[in-house]
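Please look over the structure shown here.

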Amino acid sequence: MPKDLAGWLAYIERQHPQTIALGLERVERVRAAMGLAPAVPVITVAGTNGKGSTCALLEAMLSAAGYRVGLYTSPHLLRYNERVRIAGREADDASLASAFARVEAARAGKNGDTRLTYFEFGTLAAVDLFLRSAVDVLVLEVGMGGRLDAVNAFDADCAIVTSVGLDHMDYLGATREAIGHEKAGIFRAGKAAVLADPAPPASVLAQAQAIGASLLRIGQEFGCDREPGQWSFWGPAGRISGLPYPALNGRIQLQNASAALAALEA
């Protein structure tokens, strides 16, 4: 077996014949074998655009409030460690290597040598590290789509869909309606479903209604108002005024920030 992180990353790239193989059966089997069952809130974020900035905003706000956050994002820019952040710090090489070893033991054990993709390996290793590090909340960014993404093996207490566009059409479908249905697959019955797309496909709304999710839509249940030098958020609990603009400029960033606030309020 590999001894260091570089070795593990090379190893997990070779374990499945396909780079992308959507489906939850494999990851759920290994998750159960590892006993990965978060007992803390899980916020899952999907969307064509805006996932990364929304996750960063959630991490920053929760951390500022004193919570210990486990943040999982992808892809990375310079090094794999960027994908797994615990209490504001990237996971170190040794911790990631140990987590991959635990995933490998569960994958190749009595479960019959379950073949995981690179992303599935990484998702399970990240959640394993978060639970061992006693985080207060998990913020998980979906890799592709939502319904069949490895992240969706973990039930969201609050799910966010930032936007729905034409992305990964070979895997998710050729229309916004089809892609919206895939992204809305992260919603859970009776749980908050935050929608930051101001003009979502009907399929997203239909999925939320079909399963009885508690839907919060930008421009309806929550929203934002631009003001000179500041902005305001409004939602079911009232208005928060005098907010500084996000470091990233643009109206879309206010939508992402509003979605993050709506999720935390929910």
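Leaving aside neighbours within four places in sequence, which residues is T123 in contact with? They are Y72, A150, V151 and F154, where contact means heavy atoms within 4.5 Å. T123 is found in helix α5, residues 118-132. Helices (H or I, at least four residues) and strands (E, at least two) are DSSP runs, numbered from the N terminus. T123 counts as buried because its relative accessibility is 1%; buried means under 20% relative accessible area, exposed over 50% and partly exposed in between (1.4 Å probe, protein chains only).

The model is predicted, so local features need pLDDT of at least 70 and side-chain atom pairs count only at pLDDT 80 or more, while totals for chains, interfaces and linings use all residues. Residues are numbered from 1 along each chain as its sequence is written, and side-chain values use heavy atoms, with hydrogens and water left out.

**The sheet**

An open sheet of 8 strands runs in the order β4-β3-β2-β5-β1-β6-β7-β8, with mixed pairing. Two strands pair if DSSP finds at least two bridges between them. β4 (89-90) and β8 (214-217) are the edge strands, each pairing on one side only. Strand β2 (residues 69-72) pairs with strand β5 (residues 137-141) in the parallel sense, over 4 bridges. Within β5, V139 is the bridge partner of L71.

Helix α3 (residues 51-64) packs on the sheet and touches β1 (42-46), β2, β3 (84-86), β5 and β6 (158-161). The direction of α3 makes about 170° with that of β5. Axes are lines fitted to C-alpha atoms, for helices over the stretch in contact, and angles run from 0 to 180 degrees between N-to-C directions.

**A helix pair**

Helices α1 and α4 pack at an angle of about 35°, with their axes 9 Å apart. The two helices meet through these residues:

| Helix | Range | Residues in the contact |
|---|---|---|
| α1 | residues 5-13 | L5, W8, L9, Y11 and I12 |
| α4 | residues 93-107 | D93, L96, A97, F100, A101, E104 and R107 |

By class, the contact of α1 with α4 has 9 nonpolar, no polar and 3 charged residues. Ala, Val, Leu, Ile, Met, Phe, Trp, Tyr, Cys and Pro count as nonpolar, Asp, Glu, Lys and Arg as charged, and the others, Gly among them, as polar.

**A loop residue**

A189 lies in the loop between α7 (176-183) and β7 (192-195). Is A189 buried or exposed? A189 is exposed because its relative accessible area is 53%. Not counting residues up to four places away in sequence, A189 touches I211, G212 and A213.
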